[in-house]
Amino acid sequence: MEIQRKVKYEEELDRTFSEVIKTMSGDNELDHCIQCGTCSSSCPMSVYMDYPPRKIIALVKNGFKDEALRSFTIWLCPSCYTCQVRCPAKIKITDVMYALKRLAIQEKVYPSRFSIPVLDREMSKMIAKNGRNSELWVVLKLYLKSRKPLGLLKMAPMGLKLMKTGRMSLKKESIKDKKQLRTLLKALKEEA
Ligand code: SF4
Ligand code: SF4
């Protein structure tokens, strides 16, 4: 068994990390976290997370970039905003989670076979290309890219039922004016 070091030395921390996340999330209160735990105790998903929201905020605040970006927590957060509404320090916790997801995708450090970031990435790619999401194709890509072909086989009967009733189609949805979409996306990228 490989023994892994858990303790971090000061020089291994990224002191610019919290500033990057503050800019990306629009949160200026992050440093005021009092570690009260209201966010973690309010979070419906915290039992499944590797770090509850309170710890994520502490990791970001103290420069533990790798731990925060590689955590499963950010992908398990469905953005219900309960923590953000209840935080006594008015920290935009949900927006911080969004910023962490975006940075993890940019730096390609998300768990590559975990379904949620794969779904996120494939759906965004399809919308950026066609202006529409085609469910059947997104599901196909999700199972293939997360290397779970057996899951695809299990879902096949339900997929066929949905196709029979017209709820899902093989057709790739697309908007007419893709040029306009690309101009819009380019402008958004330049602003970010
Ligand atoms: S509720 Fe706010 S202040 Fe309390 S631990 Fe969570 S982020 Fe920090
Ligand atoms: S927004 Fe995310 S982190 Fe906050 S309570 Fe909801 S699921 Fe938990």
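Two helices, α6 (82–86) and α7 (93–106), each contribute at least two residues to the shell around ligand 2, in what is a predicted model. Of these, α7 gives the most to that shell, supplying three residues. Altogether 15 residues surround ligand 2, and the closest of them are Cys 43, Cys 77, Cys 80, Cys 83 and Thr 94. Sorted by class, the shell around ligand 2 comprises 11 nonpolar and four polar residues, with no charged residues.

On the α1 side the contact is made by Ile 21, Met 24 and Ser 25, while α7 brings Asp 95, Val 96, Tyr 98, Ala 99, Leu 100, Arg 102 and Leu 103 to it. The residues of this contact of α1 with α7 divide into seven nonpolar, one polar and two charged, whereas the shell around ligand 2 has no charged residues.

At the level of the whole chain, the division is into domain 1, which spans 12–106, and domain 2, which spans 115–191. The C-alpha centres of domain 1 and domain 2 lie 28 Å apart.

How values were computed:
Residues are numbered from 1 along each chain as its sequence is written. Chains are lettered from A and ligands numbered from 1 in the order in which they are written. This is a predicted model: local features need pLDDT of at least 70, side-chain atom pairs count only at pLDDT 80 or more; totals for chains, interfaces and linings use all residues. A residue is near a molecule or strand if its C-beta atom, placed from the backbone, lies within 6 Å of it. Helices (H or I, at least four residues) and strands (E, at least two) are DSSP runs, numbered from the N terminus. Ala, Val, Leu, Ile, Met, Phe, Trp, Tyr, Cys and Pro count as nonpolar, Asp, Glu, Lys and Arg as charged, and the others, Gly among them, as polar. Domain bounds come from an automatic or database domain assignment. Two residues are in contact if their C-beta atoms, placed from the backbone, lie within 7 Å.
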